[in-house]
Amino acid sequence: MTYWFVVDRIIFIVDPGDPDFLESLDPRDYDECRILLTHAHFDHIYGVPELLRKFEKVSIFTNEDGAETLCSAKKNLSKYQGEPIEINREEMDFLFVDHCDFIYKSPSIRAIFTPGHHPSCITWMIDGECFFTGDSYIPGIPVVTNLPGGRKELARKWENRLKELSEGLSIYPGHKV
Ligand SMILES: [Zn+2]
């Protein structure tokens with residue numbers, strides 16, 4: 001799932017995995033594009049090359065694992081999907097975040113590291129009430145932990161934590177249930 005919202009003419013895109021949707025965007029409507037990555041598996045990043053082509057200023061919020069994975073078709077698993085995505089690290093403007101960092105004030109956008117599905121997993125919390133959980137918590141679907149970098153115990157811990165944190169609030173998971 002690709003989500004997006006606009007603040008002060010900045011378009012924030014959570015997981016640009018859907019190139020068709022991204023194609024419909026008109027870059028003249030925005031001053032810049034910021035990508036919030038919930039993790040760097042192929043199905044969450046397919047649209048990154050399209051965004052790089054389209055926008056003059058694109059930055060991407062992730063951690064070191066996310067950058068490494070994004071830039072390797074083997075690690076992001078696109079190599080095995082018939083459409084390898086190889087992104088040149090030099091081409092990307094990475095903005096590295098730490099666990100619990102705020103990357104925007106109003107609305108407040110916070111990075112919560114939620115590894116277990118993959119070491120690059122970050123849940124993005126908006127104003128303490130919206131959660132973009134990627135594949136770390138998809139209500140009704142158990143977290144996948146059998147891909148490279150997956151860790152069952154950690155995944156369970158963060159799945160439970162996210163369940164608690166988001167109770168009664170809005171969850172936007174990485175896949176439709
Ligand atoms: Zn995934």
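Predicted model: local features only at pLDDT ≥ 70, side-chain atom pairs only at ≥ 80, totals over all residues.
Biologist: Is Asp-8 buried or exposed?

Modeller: Asp-8 sits in the loop between β1 (3-7) and β2. Its phi is near 50°, a positive value in a residue other than glycine. Asp-8 has 9 others within 10 Å, so Asp-8 is exposed.

Biologist: And Asp-15, buried or exposed?

Modeller: Asp-15 lies in the loop between β2 and α1 (19-23). Asp-15 is not a glycine, yet has a positive phi of about 55°. The buried limit is 20 or more C-beta atoms within 10 Å. Asp-15 has 28 others within 10 Å, so Asp-15 is buried.

Biologist: Which residue does a cis peptide bond join to Ser-106?

Modeller: Most peptide bonds are trans. Here omega is about 0°, and the bond is cis. The partner is Pro-107.

Biologist: Which residues touch the most other members of the largest nonpolar core?

Modeller: That core holds 39 residues. Elements giving two or more residues to the core include β3 (32-36), β8 (122-126) and α4 (152-165). The residues touching the most other members are Ile-35, Leu-36 and Trp-124.

Biologist: Leaving aside neighbours within four places in sequence, which residues is Trp-124 in contact with?

Modeller: Contact requires C-beta atoms within 7 Å. With those sequence neighbours left out, the contacts of Trp-124 are Val-14, Leu-36, Thr-38, Ile-109, Ala-111 and Phe-132.

Technical notes: Residues numbered from 1 in each chain as written. Core = buried A, V, L, I, M, F, W, Y, C linked by C-beta atoms within 7 Å. Buried ≥ 20, exposed ≤ 12 C-beta atoms within 10 Å, placed from the backbone. Helix = DSSP H or I, 4+ residues; strand = E, 2+ residues; numbered from the N terminus. Contact = placed C-beta atoms within 7 Å.
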